[in-house]
Amino acid sequence: MEKIEPRNEHRWLQRLVGEWQSEMTGMGGEPVRGTARVRGLGGLWIVCEADMPDFEGKPGTALITLGYNIGKQRHEGTFVASMMDFQWVYDGHREGDRLNLDTQGPAMDDPKKQVPYRDVVEIESDDRWYLRGLMQKDGAWQEFMTTTYRRVK
């Protein structure tokens, strides 16, 4: 197998590598503070492990993987969290400093029903980025959560 050299899409993701403080707003509650650690994996992937409260506000952990599939010319990844038994699988594309990650998952009001979701990673600067959660309802995207990440290291 031939060695894959990182391309611009891979290097864009590597900008997220570091240690971060986070603040999540939305989901009907007070802002929640946490931390995240993002590490690179071979220059082709990133792995983000973040504090994330469960649905009762108790501590939890989320793990995000993101990479770029050269053959498909698409970003790919996954999201899992300690309070969920569902793995979210991402298919995405980047527009400037905004990465749209489309997926399907359980509806918030009916977990037996699958609906479209979109997580958006947006890099504002080397020291700040955002993760926004949107759900499609009645054909329109509705934001339900925003997490702001500020670099610590």
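**Pocket and pairs**

Tutor: Lining the second largest pocket are Ala107, Met108, Asp109, Lys113, Val115, Pro116, Met135, Gln136 and Lys137. A pocket here is an open set of points on a 1 Å grid over the protein atoms alone, where a 1.4 Å probe fits and protein lies on both sides within 12 Å along at least five of seven lines; lining residues have an atom within 4 Å of a point. Keep in mind that this is a predicted model, where local features need pLDDT of at least 70 and side-chain atom pairs count only at pLDDT 80 or more, while totals for chains, interfaces and linings use all residues. Residues are numbered from 1 along each chain as its sequence is written, and side-chain values use heavy atoms, with hydrogens and water left out.

Student: Which elements give two or more residues to that lining?

Tutor: Those are β8 and β9, and β9 has the largest share with 3 residues. Strands are DSSP runs of E, at least two residues long, and helices are runs of H or I, at least four, numbered from the N terminus.

Student: How much space lies in the second largest pocket, and what's the lining like by class?

Tutor: About 150 Å³, taken as the space filled by probe spheres set on grid points joined across faces, edges and corners. The lining has 5 nonpolar, 1 polar and 3 charged residues. In that scheme Ala, Val, Leu, Ile, Met, Phe, Trp, Tyr, Cys and Pro are nonpolar, Asp, Glu, Lys and Arg are charged, and the others, Gly among them, are polar.

Student: Switching topic: how many salt bridges does a search of the whole structure find?

Tutor: There are 12, each being a side-chain nitrogen of Lys or Arg within 4 Å of a carboxyl oxygen of Asp or Glu. One of them joins arginine 15 and aspartate 126, at 3.7 Å from N to O. Arginine 15 is in the loop between α1 (8-14) and β1 (18-26), and aspartate 126 is in the loop between β8 (114-125) and β9 (128-137), so the pair ties together parts 111 residues apart in sequence.

Student: And which residues are linked with Arg15 in a network?

Tutor: Asp97 and Asp126 are linked with Arg15 in a network of salt bridges.

Student: What does arginine 132 pair with?

Tutor: Glutamate 122, with the closest N and O atoms 2.9 Å apart. That pair links strand β9, which holds arginine 132, to strand β8, which holds glutamate 122.

Student: OK, rings next. How many aromatic pairs does the structure hold?

Tutor: It holds 5; rings of Phe, Tyr and Trp (its six-membered ring) pair if their centres lie within 6.5 Å, with planes under 30 degrees apart called stacked, over 60 edge-to-face and the rest tilted. Tryptophan 88 and tyrosine 117 are edge-to-face, 4.9 Å centre to centre with 90° between the planes. Since tryptophan 88 lies in strand β6 (residues 88-95) and tyrosine 117 in strand β8, the pair ties together parts 29 residues apart in sequence.

Student: Is tyrosine 117 buried or exposed?

Tutor: Tyrosine 117 counts as buried because its relative accessibility is 4%; buried means under 20% relative accessible area, exposed over 50%, partly exposed in between (1.4 Å probe, protein chains only). Tryptophan 129 and tyrosine 149 form a stacked pair, 4.0 Å centre to centre with 10° between the planes, and both are buried.

Student: Which residues form one aromatic cluster?

Tutor: Phe86, Trp88, Tyr117 and Phe144.
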